[in-house]
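Dear colleague,

I am handing over the structure below, and my notes on it follow. Please read them with the coordinates open.

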Amino acid sequence: SIWLDTNNNGQQDNSEVGVPGITIQLFTSTNILVAETKTDNLGTYNFNNIAAGSYYVRLIPRSGYSLTAQD
């Protein structure tokens with residue numbers, strides 16, 4: 001889930017809602033883009049029909065926002 005961490009504690013608190021419309025890209029371990037999706041109204045996302053393997057995701061924040069690591 002992607003959310004706006006208003007208190008910067010790295011945890012999604014009850015008052016912190018998901019952020020819709022964030023672009024999420026899925027890459028293979030060799031840096032090949034496999035799929036792209038956007039977060040839904042709750043800030044969640046998933047990738048369907050992906051073969052087993054090693055992957056990583058890249059989030060593209062909206063203008064004026066930055067990414068922080070989850071606690």
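Predicted model: local features only at pLDDT ≥ 70, side-chain atom pairs only at ≥ 80, totals over all residues.

Residues are numbered from 1 along each chain as its sequence is written, and side-chain values use heavy atoms, with hydrogens and water left out.

The protein chain has zero helices and three strands, and its elements run β-β-β from the N terminus on; helices (H or I, at least four residues) and strands (E, at least two) are DSSP runs, numbered from the N terminus. Strand β1 is joined to strand β2 (residues 33-38) by five bridges, and the two run antiparallel, where strands are taken to pair if DSSP finds at least two bridges between them. Within that pairing Ile24 stands opposite Thr37 of β2, and in the hairpin of β1 and β2, which has four residues between the strands, Asn31 takes a positive phi near 70°. Strand β1 also pairs with β3 in the antiparallel sense, over six bridges, and there the bridge partner of Leu26 is Val57 of β3.

Thr28, found in strand β1, is buried with a relative accessible area of 18%. Leaving aside neighbours within four places in sequence, Thr28 is in contact (heavy atoms within 4.5 Å) with Val34, Ser54, Tyr55 and Tyr56.

**Aromatic pairs**

The structure holds two aromatic pairs, where rings of Phe, Tyr and Trp (its six-membered ring) pair if their centres lie within 6.5 Å, and planes under 30 degrees apart count as stacked, over 60 as edge-to-face and the rest as tilted. One of them, formed by Phe27 and Tyr56, is stacked, at 5.2 Å centre to centre and with 10° between the planes. Because Phe27 lies in strand β1 (residues 23-28) and Tyr56 in strand β3 (residues 55-60), this pair ties together parts that are 29 residues apart in sequence. Phe27 counts as buried at 11% relative accessibility, whereas Tyr56, at 35%, counts as partly exposed.

The rings of Tyr45 and Phe47 have their centres 6.0 Å apart and their planes at 70°, so this pair is edge-to-face. Tyr45 counts as partly exposed at 30% relative accessibility, and Phe47 counts as partly exposed at 21%.

**The chain as a whole**

Of the 71 residues of the protein chain, 24% count as buried, and the C-alpha atoms fill a box of roughly 35 × 25 × 20 Å, taken along the principal axes. Among contacts between residues at least 6 apart in sequence, 40% join residues at least 24 apart. The accessible surface of the protein chain comes to about 5,200 Å², of which 48% belongs to carbon and sulfur atoms; accessible areas come from the Shrake-Rupley method with a 1.4 Å probe, and for residues only the protein chains shown count as cover.

Conventions:
Buried < 20%, exposed > 50% of the residue type's maximum accessible area, 1.4 Å probe, protein only.
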